[in-house]
Amino acid sequence: MGQWTYKVVYVDYRGRISCEGVETLIGNNERRSAFVRRYFDSIGRDGWELSSNQPLTANSAYYVFKRPAQDGDYADQPAAAQETPTTPPPTTSTEGAGPTIESV
């Protein structure tokens with residue numbers, strides 16, 4: 001089974017979309033439906049598909065998009081860190097009198 005990455009988008013239908021700290025505002029004389037469709041089309045071209053939505057008020061909702069995970073999608077977990085062992089290497093100290101200090 002493949003892994004997915006997710007994008008949560010907050011939509012305020014009065015003219016503001018917020019996603020991962022980036023704000024998108026409605027254009028001059030742009031219809032609200034065209035504004036949301038334009039944004040959704042742009043992330044759809046990047047491979048995101050709508051997974052679910054959660055209405056908040058009559059004018060706002062959260063939308064969750066997903067796509068198959070790609071390299072770099074998990075910024076908090078670099079690829080090299082995923083392959084490192086989770087147990088520290090055994091110590092080779094021959095001193096038996098003091099406490100063992102392990103480096104992590």
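What joins the side chains of S60 and T57? Select both and you'll find a polar contact of 2.9 Å. A polar contact here is a pair of N or O atoms within 3.5 Å; within protein, one must be able to donate a hydrogen and the other to accept it, and residues adjacent in sequence count only if both atoms are side-chain atoms.

Before going on, a word about what you're looking at. This is a predicted model, in which local features need pLDDT of at least 70 and side-chain atom pairs count only at pLDDT 80 or more, while totals for chains, interfaces and linings use all residues. Residues are numbered from 1 along each chain as its sequence is written, and side-chain values use heavy atoms, with hydrogens and water left out.

**Stop 1: around S60**

Stay on S60, which lies in strand β5. Strands (E, at least two residues) and helices (H or I, at least four) are DSSP runs, numbered from the N terminus. S60 is buried, at 6% relative accessibility. Buried means under 20% relative accessible area, exposed means over 50%, and partly exposed is in between (1.4 Å probe, protein chains only). Now show what S60 touches, leaving out residues up to four places away in sequence: Y10, V11, D12, Y13 and P55. Contact means heavy atoms within 4.5 Å.

**Stop 2: the sheet**

T57 stands opposite S60 in β5. Select β4 and β5 (residues 60-68): they run antiparallel and are joined by seven bridges. Two strands count as paired if DSSP finds at least two bridges between them. Strands of a sheet pair through backbone hydrogen bonds, either parallel or antiparallel.

Next, colour all five strands. They form an open sheet in the order β3-β2-β1-β5-β4, with antiparallel pairing. At the edges are β3 (22-25) and β4 (49-57), each with a single partner strand, so one side of each has no neighbour in the sheet. From one strand to the next, the twist averages 20°.

**Stop 3: the helix on the sheet**

Pick helix α1 (residues 32-44), which packs on the sheet and touches β1 (4-12), β2 (16-19), β3 and β5. Its direction makes about 25° with that of β2. Axes are lines fitted to C-alpha atoms, for helices over the stretch in contact, and angles run from 0 to 180 degrees between N-to-C directions.

**Stop 4: charged pairs**

How many salt bridges are there? The count comes to four, taking a salt bridge as a side-chain nitrogen of Lys or Arg within 4 Å of a carboxyl oxygen of Asp or Glu.

- Select K7 and E20, whose side chains meet in a salt bridge (3.8 Å, N to O). K7 is in strand β1 and E20 in the loop between β2 and β3, 13 residues apart. K7 is buried at 12%, whereas E20 is exposed at 59%.
- Move to R14 and D12, with their closest N and O atoms 2.9 Å apart. R14 is exposed at 54%; D12 is buried at 9%.
- E23 is partly exposed at 42%, and R16 is partly exposed at 30%.

**Last stop: zoom out**

Follow the chain from the N terminus and the elements run β-β-β-α-β-β-α. Of the 104 residues, 19% are buried.
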